[in-house]
Every structure is written in C-alpha cells, then in structure tokens.
Amino acid sequence: MTHSFSPRPAGGSARGWSYYSALSNCELQWFLKYLYRSKEAPPKSTGMEARFTPRHLLVGSLFHIGAETWYRSSWDGSQDTGAYNLDPAIDAIHTLATEREAEWSSPNERLDDIALASSLMTHYGQRFGPNGPEQDYPNYRVFNFNGLPAVELELGIDLEMATGGEVFTSKLDVILMDNNGVLWGMEHKTSAARRVHSQLQKFNMDGQVTGQYTNLLSHFPSHQIGGVIINIVVKDAAKTKPSFHRRIYTRTEPQIQQFLDSVRIKSARINQIKDGLTKTPDQWDTALTILDCTPNAERCYGMGKCDFFEICLDREVGRRILDTSFIPRVRVDGPTAV
Ligand code: SF4
C-alpha cells in the first residue's frame, strides 16, 4: 500500500466509507448523492443533497466544529499544552450555524440547536478538559503531525488497482498520543440515549472504523496503534445529567484484508458505472437502466429514510423533484498526493 496525507477543512471524507457503502445499499442512491449533475449545477459540484439538512445531523455538525476547535485550542504552535479553551469552541458553533443558516427550516429550531450543541460542548469541556474528572491531558495529547495538530486530518490509501487513481480515504476527528507514544484515532458522535447501545455494537463491524484503523496502521508504521476511540455524546441529557461513552475498537489483519478487497470490488463497480454513463447523453435515463436500484423497504428505509425517497415514489416525475427540491453538492477533491 502507498499513502497520501492531506489535511483538509471540515466535511466528509472524500472517498471514504460513506462513498463506497452508499453503493452497496443502492446504486441509484450513490449516483444521486455523488455523481448526478443537473444542467444548472455549478462546475465545482457533483451529486445532489436535500435543501434542508435533518436536525440531528445539524446538531452533530455543530458539536463537531466545537470539538474540533476545542482540540486545536491548546496548541501553542508546536505542541499540545493542555490549556483547552471553551470560548473559541462555542464561538465556532455560532459561526457555523450562521454559515449554514439556510439549512434549517425554522429560525427557532436553529436557535434551539445552537443552544443544545453549546451545552453539550460545555459539559464535554468540564468532563474532559483542565481539572475535569476524566481530563484527556496529560495522559492523551493531540498528536503533532508535521508541526500541526492532528485534528480533522484526512489520510488516504492507494487501492493499487490496475485502472489507477482509486483511493480510500478516512478522516480522523483527532489523533491523540498517550504517554507511551501509542496513537489513538478518535471519532466524535452525538446520539440519542436510546440508540447508544446499538451504536456501540455497530462499531464492532463498522466500515468507517475499519477504514480509520487501517489508515492509521498504514500511515504511522513507527508507532503502535492503540485503536479508534468512539466518543459518544448523548444529546438528550445535555441540560440535566450529561452522559458520555468512550469505547476502543481494533481490527485484525484478516478483517483489514477483507475490508480492502470489498472496497476494491466497489471501486471497480464505480468505474464500470461511470464508463456506462459517459457513453450516453442522458445520464438519468441510463442510470435507471444500468443501476441496481429496485426500491424495497430495507434498502429505502433500513438505515433511516433515504434522502431520495420521494423521487423513487414516482420516477417519472422524480427528476423534476430532484432539480427543484435538491441542491448540488460542492465537490470535495481527493488527497493531493498518493
Ligand atoms: S429511495 Fe430506495 S431506490 Fe430510491 S435511491 Fe433511495 S434507496 Fe435507492
């Protein structure tokens, strides 16, 4: 395996598990989310997304930017000092909520979500920050990656396929180093209390974690890799009894090989689809012909209601709905060096 390093701004991983796993669930879902372009779409876009973002995702994004800023706040230019600061984290939550204002369907909901994310962040800082009962520092410090804090770092693995250029990427919310020099990836999640148990179970098998663990092993061979820490913040309890769950996940070598083989199979299918679509002028009609996309309850509702559900209720008119009720996704380029 060869590697790529590419620090990038907040957002989803460019060619990460979401990208590949969407293809397994439904090829049309993958096509609409990552490839489809309407005639009016700006050049730097690919795929479509719903005009309004579900609130649980918005709260998650607000907490994420707060936590990202929190883990950067103690960096003195060359190392983690442990002097984490809540003020810039709360400011970052407000700034992001302003930038993404159009994604809320009501101003009051937006204000409620800012308050919730700020409360979660404050409780988090009190728990894991300076003088907190479970403070990260000095046992865990933000890892120094080429002189920068390893926060929101995107790592990539060359899949080494004959067609060339295929990469699997993973973004780590933060990479921590413990007192023994062992590295730990950390992934922040916000969750409803009733879903915590199933979430923790899910990560035993989850491809996102497998990808992150694989990328850590691949990129930092001179360090021992402790695992990926899933860092769950329970939303419902924010104002009363805050609740946090951290669990460590690792993978075996056979699991990693099986995972990479699976990603290569998906990548090959993506190349095949792209090839088929470029041969015809009307991507929509061709997509419905060549993609595996027969609606069924498990596929369309099993992971929560698919964003494109209304389009598939009546595909005759679905394309019009797509062009009017969805907006183009701004392209996220892959790692700069592989
Ligand atoms: S609604 Fe169902 S068939 Fe349509 S894109 Fe979504 S998962 Fe695929």
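Trainee: Which residues touch the most other members of the largest nonpolar core?

Mentor: This is a predicted model, in which local features need pLDDT of at least 70, side-chain atom pairs count only at pLDDT 80 or more, and totals for chains, interfaces and linings use all residues. Residues are numbered from 1 along each chain as its sequence is written. Of the 44 residues in the largest nonpolar core, those touching the most other members are Leu62, Phe63, Ile93, Ala117, Met121, Val174 and Ile175. The largest share of this core, 8 residues, is given by α3.

Trainee: What makes a set of residues a nonpolar core?

Mentor: The members are buried Ala, Val, Leu, Ile, Met, Phe, Trp, Tyr and Cys residues joined through C-beta atoms within 7 Å, and buried requires 20 or more other C-beta atoms within 10 Å of the residue's own, with C-beta atoms placed from the backbone.

Trainee: Which residues of α8 are called buried?

Mentor: Val263, Ser267, Ile270 and Ile273 are the buried residues of α8, and they pack against α1 (17-25), α2, β7 (167-178) and α9 (283-290).

Trainee: What span does helix α5 reach, and what is expected?

Mentor: Helix α5, residues 107-128, has 22 residues and reaches 31 Å from its first C-alpha to its last, close to the 32 Å expected at 1.5 Å a residue, where the expected span is 1.5 Å times one less than the number of residues. Helices are DSSP runs (H or I, at least four residues), numbered from the N terminus, and strands are runs of E of at least two. The buried residues of α5 pack against α3 (55-72), α4 (86-99), β8 (183-191) and β9 (225-234), packing being judged by contact, that is, C-beta atoms within 7 Å.

Methods: Contact = placed C-beta atoms within 7 Å. Buried ≥ 20, exposed ≤ 12 C-beta atoms within 10 Å, placed from the backbone.
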